Amino acid sequence: MTKGKRNKMLLSLSIALTSFIAFNGNANAAVAAPRIAEQTSLEQGSEVKQARTSNEALQDWKNWVNDHAYSLNSIQPESFESTKIASSKFEDLEMLKPLLHDKRIVFLGESSHGVAEFSLAKTRIIQFLHQEMGYNVLAFESGMGNVMNAQGKIDKQSAQQTMKDGIFGVWWSKETLPLFEYTKKTQSTEQPLMLAGFDIQQQGAFTDGGWLENNQLAKQFSEVENQLVDWTYSKDLKEYQKAKPSIIDVYKQVKSQIPLKEKELKAAYPSEPHITKLMERTLADRIRLAEEYVELSIQSNIDIEQNKYDSFFKTMEWRDQGMLENLLWLAEEIYPTEKFIVWAHNDHIRKAQSEVMGSPYALNLMGERLPDIYKKYSYVLGLYMASGENASNARETWSVLPPVKGSTEDILSSTKKPYTFIDLRNRQNERGNSWMFEPRISYSWGVIQESFVPRDQFDGILLIDKVSIPNYIE
């Protein structure tokens with residue numbers, strides 16, 4: 001099965017699966033209740049709230065949002081001309097400082113990978129977090145080895161090449177490029193923004209093997225990288241099991257050379273100070289892929305043809321467990337004293353993804369698996385859209401469906417502002433904001449209807465009123 005067919009098949013699967021979709025008292029007090037209640041009401045001037053109709057509740061929620069939401073002035077990345085951006089450029093983001101002052105990880109989500117405005121908004125927020133709040137590591141939902149390669153050569157090549165080397169093609173766009181231009185410029189400052197990847201799945205060859213100084217082994221490495229991709233899309237489990245030992249052997253041979261070629265590695269990747277540890281970790285991940293993931297993927301390919309999806313879901317959970325382990329390893333072993341920004345899809349970062357009703361992937365994914373101590377010191381920001389167009393991973397264009405009455409998008413778009421931010425984490429349940437404490441409808445990818453309790457999933461939400469497809473760079 002080709003990658004294109006697999007993407008279209010998963011899109012069909014996603015759309016098909018959307019159809020799944022006080023008073024306390026005691027006996028003695030009750031005897032004198034009418035008289036006491038009347039007296040108390042008169043003495044305290046209390047007002048008894050009546051039950052609201054659905055329309056009244058919705059209007060209360062919209063009124064509350066208009067009083068408590070923040071509007072961003074712009075989502076356009078700021079120009080970086082000298083050594084820093086003028087702090088006055090970020091005045092509309094100042095409200096984030098008290099929300100994030102004790103947070104070590106800020107997760108920046110997105111309801112679709114194919115939205116130009118999401119990449120622009122996230123880039124500007126990253127500029128703010130990096131310059132104004134000291135978040136010096138940007139970790140992508142992309143291959144650890146690929147981003148390692150991009151960071152290691154960042155001073156040797158263009159920002160566009162760094163983007164292409166490092167992250168998945170779903171983000172190769174003119175709207176994402178300013179992020180890599182900004183990152184490249186910071187490398188010569190006292191506060192460089194360091195790039196990292198935490199995805200465990202394969203994303204093309206992550207090194208050319210030149211540092212091995214062994215042409216035969218470098219060639220074997222290149223061959224097994226291509227073989228592993230082909231096997232991932234295969235349906236021949238028995239043949240893969242025969243090929244697996246030789247594939248793993250090549251990866252182990254390459255990994256064994258790392259301690260012997262530390263000088264060569266540092267010369268090949270001069271802008272990545274942790275190159276040896278990252279190379280070892282990436283090759284260890286490749287061995288895990290060959291040992292475990294590829295067989296799961298092959299079984300998934302077989303089962304999907306029979307409309308069985310359990311094995312496919314297993315591959316997703318396997319991947320997210322690997323991503324979580326890599327992210328924690330980066331935070332604890334590579335950058336133990338740094339604050340992180342994480343760029344990923346909403347599905348991966350939500351705090352209770354398995355509780356999302358109607359999601360094609362109501363699974364126990366990375367954000368839900370995050371240890372409690374990390375949840376305490378993290379902030380999860382979900383990005384959503386209210387109108388316009390977005391693109392699938394295969395770059396097919398979809399129109400964003402109109403917000404459902406009473407949905408998260410409907411409530412937040414009542415501000416009539418192009419960019420609306422609302423904090424959920426630091427709220428107590430009250431009459432005006434009860435919407436965030438109970439299930440609300442929302443759209444993933446602009447078309448997949450989901451239902452979840454907003455405050456259980458996110459710490460904040462940024463709604464962009466109108467979106468468009470990215471200007472892709474081939």
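User: What describes the packing of helix α7 (residues 144-152) and helix α13 (residues 275-304)?

Analyst: In this predicted model, α7 and α13 pack at an angle of about 155°, and their axes are 9 Å apart.

User: Why is α7 called roughly antiparallel to α13?

Analyst: The angle between the two helices is about 155°. Angles over 145 degrees count as roughly antiparallel, so α7 is roughly antiparallel to α13.

User: Which residues make the contact, and what is the hand of the crossing?

Analyst: The crossing of α7 and α13 is left-handed. From α7, Met144, Gly145 and Met148 take part, and they meet Ile275, Leu278, Met279, Arg281 and Thr282 of α13.

User: What makes up this contact by class?

Analyst: Five nonpolar, two polar and one charged residues form the contact of α7 with α13.

User: Which way do the residues of strand β2 (residues 105-108) point, and are they buried or exposed?

Analyst: Ile105 and Phe107 point one way from β2, while Val106 and Leu108 point the other way. All are buried, which means under 20% relative accessible area for each.

User: How do you know that β2 pairs with strand β5 (residues 339-343) and with strand β6 (residues 378-385)?

Analyst: Pairing requires at least two bridges. β2 and β5 have four, in the parallel sense; β2 and β6 also have four, again parallel. Therefore both count as pairs.

Conventions
Residues are numbered from 1 along each chain as its sequence is written. This is a predicted model: local features need pLDDT of at least 70, side-chain atom pairs count only at pLDDT 80 or more; totals for chains, interfaces and linings use all residues. Side-chain values use heavy atoms; hydrogens and water are left out. Axes are lines fitted to C-alpha atoms, for helices over the stretch in contact, and angles run from 0 to 180 degrees between N-to-C directions. Angles under 35 degrees count as roughly parallel, over 145 as roughly antiparallel, 65 to 115 as roughly perpendicular and the rest as oblique. A crossing is left-handed if the near helix is turned anticlockwise from the far one by less than a right angle, and right-handed if clockwise. Contact means heavy atoms within 4.5 Å. Ala, Val, Leu, Ile, Met, Phe, Trp, Tyr, Cys and Pro count as nonpolar, Asp, Glu, Lys and Arg as charged, and the others, Gly among them, as polar. Buried means under 20% relative accessible area, exposed over 50%, partly exposed in between (1.4 Å probe, protein chains only).
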